[in-house]
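Walk me through how this protein is put together. Begin with the overall picture, then take the strands and helices in turn.

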Amino acid sequence: MICSSFIVHRSFRWRMIFIWLVLGSLLFAPRAFAADSHTIKFSTLAPEGSSWMIAMRELAKEASKASEGRLKFKFYPGGVSGDEKDVIRKMRIGQLHSAGFTGVGLGEILREVRVLDLPFLFESEEEIVRVYDGMTEYFAEQFEGQGYVLLGWVPVGWVHFFSVEKIASIDDLKRARPWMWAGDPLVNAMYKAMNVSPIPLSINDVLMSLQTRMVDTVYSSPQGALALQWFSKVRYMTRYHMGYATGGVLMTKRAFDRLPDDLKKILKDLSAKRLKALTQTIHDENLESIRVMQENGVKMMEIASPEASETFRQAGKKARQMLTGDLFSEETLRRVESLIGAAR
């Protein structure tokens, strides 16, 4: 009897231990799964339905599949997180993890990256490719030093003047009422180099200012001028490039470092692929935007003469001198100019 009772008691005890183990696994398994799941909160000024968001949603879908659901994205498109300065502030306090930026936003984090946006710097696609290939590793290291991971470039593209009256020379700009993105040191230096007095405004105020003729000349990529409806208030677009506007995707190093190594690789590999494809899409859409604007009456304007083109180039050089030592170092500028020279 004693032996039988002991066996029953021991059997009961092991059954209870087994039940508690099962209950414990059910209780803690979801937490373990949740700890292995990572959601990247991503913000962009680009609206839903844009090429930007189509590419990012494809990236999210591929990342989820490649990671078996462990890597996810939550999107905040269309500027719902505020302007780029607001987004940077939220990234710094951990409310957001990643974002797509224009060169202006990138420059808020790393001032010297604005060397890529310098007016009248690039003259061909070959020069752009050479500079981006040659400078990416350097800028990635500099961003990392500021606490960010560069996931890829997504340049806005060539920038042109759009105007009510013809802009074929610097003298035409002096007679115009040109807009300047308030607070942008690059364009401010450019206009100073040309002795032109711009009207600084927030980008959100430009359309109304064109309507009232407070300004009559703006600068933008073709896609931007079309999307923002600025083209509907002007008659001309310069074929001559004012500059080439950069852009890119950053993630806070703090959020990136929390990812397991396999998810880091998935994110970097897919970002490189998707953002490169997006860059080509934006290039194609800029060309299509020019066609659409021409169909709607916008005329392409040539620079008046080779001499007029040279005055623009000289203004660009003067602006670079004004910004060297403040926005970027002379060494960084020389590296970029050397890469451009090798492509010419």
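**From overall picture to single residue**

Among contacts in the protein between residues at least 6 apart in sequence, 76% join residues at least 24 apart. The model is a predicted one. The protein has 344 residues, and 47% of them count as buried. Its secondary structure comprises 13 helices and twelve strands.

Five strands form it, in the order 2-1-3-11-4, and the pairing is mixed. Strand 2 (71-76) and strand 4 are the edge strands, each pairing on one side only. From one strand to the next, the twist averages 25°.

Now take strand 3, residues 98-102. On one side is strand 1 (residues 38-43), which pairs with strand 3 in the parallel sense over two bridges. There, Phe42 stands opposite Ser98 of strand 3. Strand 3 also pairs with strand 11 (residues 247-252), this time in the antiparallel sense and over five bridges. Thr102 has Gly247 of strand 11 as its bridge partner. How far is strand 3 covered? Four of its five residues are buried, so the rest of the structure largely encloses it. The cut-off for buried is under 20% relative accessible area.

Strand 11 leads on to strand 4 (residues 148-153). The two run antiparallel, and five bridges join them. Trp153 stands opposite Gly248 in strand 11. Strand 4 pairs on one side only, yet strand 4 is mostly covered, with six of its six residues buried.

What lies against this sheet? Helix 2 lies across strand 1, strand 2, strand 3 and strand 11. Helix 2 runs at about 160° to strand 2. Helix 5 (residues 125-145) also packs on the sheet, where it touches strand 4 and strand 11. The direction of helix 5 makes about 155° with that of strand 4.

Helix 2 has a helix partner too. The axes of helix 2 (residues 51-66) and helix 11 (residues 261-295) come within 10 Å and cross at roughly 155°. That angle makes helix 2 roughly antiparallel to helix 11, because angles over 145 degrees count as roughly antiparallel. The crossing of helix 2 past helix 11 is right-handed.

Which residues make the contact? From helix 2 come Ser51, Trp52, Ala55, Met56, Glu58, Leu59, Glu62, Ala63 and Ala66. They meet Ile266, Leu270, Ser271, Lys273, Arg274, Leu275, Leu278, Thr281, Ile282 and Glu285 in helix 11. The residues of this contact divide into eleven nonpolar, three polar and five charged. Among the charged ones are Glu58 and Glu62 in helix 2, and Lys273 and Arg274 in helix 11.

Next, turn to strand 5 (residues 157-163). Seven of its seven residues are buried, and the strand is mostly covered. Which strands does strand 5 pair with? One is strand 10 (residues 243-245), joined to strand 5 by three bridges and running antiparallel to it. Here Trp158 has Tyr244 as its bridge partner in strand 10. Another is strand 8 (residues 217-220), which also runs antiparallel to strand 5, with four bridges between them. In this pairing Phe161 stands opposite Tyr219 in strand 8. Strand 9 (residues 236-238) is antiparallel to strand 5 as well, and two bridges join them. The bridge partner of Ser163 in strand 9 is Tyr236.

Where is His97? It lies in the loop between helix 3 (84-92) and strand 3. Is His97 buried or exposed? Its relative accessibility is 12%, so His97 counts as buried. Now look at what surrounds this loop residue. Met251 is 154 residues away from His97 along the chain, but their C-alpha atoms are separated by 5.7 Å. Leave aside the neighbours of His97 within four places in sequence. His97 is then in contact with Thr39, Ile40, Lys41, Met91, Leu250, Met251, Thr252, Ala255 and Arg258. Among these, Thr39, Ile40 and Lys41 fall within strand 1, residues 38-43. Leu250, Met251 and Thr252 fall within strand 11, residues 247-252.

Key
Residues numbered from 1 in each chain as written. Predicted model: local features only at pLDDT ≥ 70, side-chain atom pairs only at ≥ 80, totals over all residues. Heavy atoms only, no water. Buried < 20%, exposed > 50% of the residue type's maximum accessible area, 1.4 Å probe, protein only. Pairing = 2+ DSSP bridges. Axes fitted to C-alpha atoms, helices over the stretch in contact; angles between N-to-C directions. Parallel < 35°, antiparallel > 145°, perpendicular 65-115°, else oblique. Left-handed = near helix turned anticlockwise from the far one by under 90°. Contact = heavy atoms within 4.5 Å.
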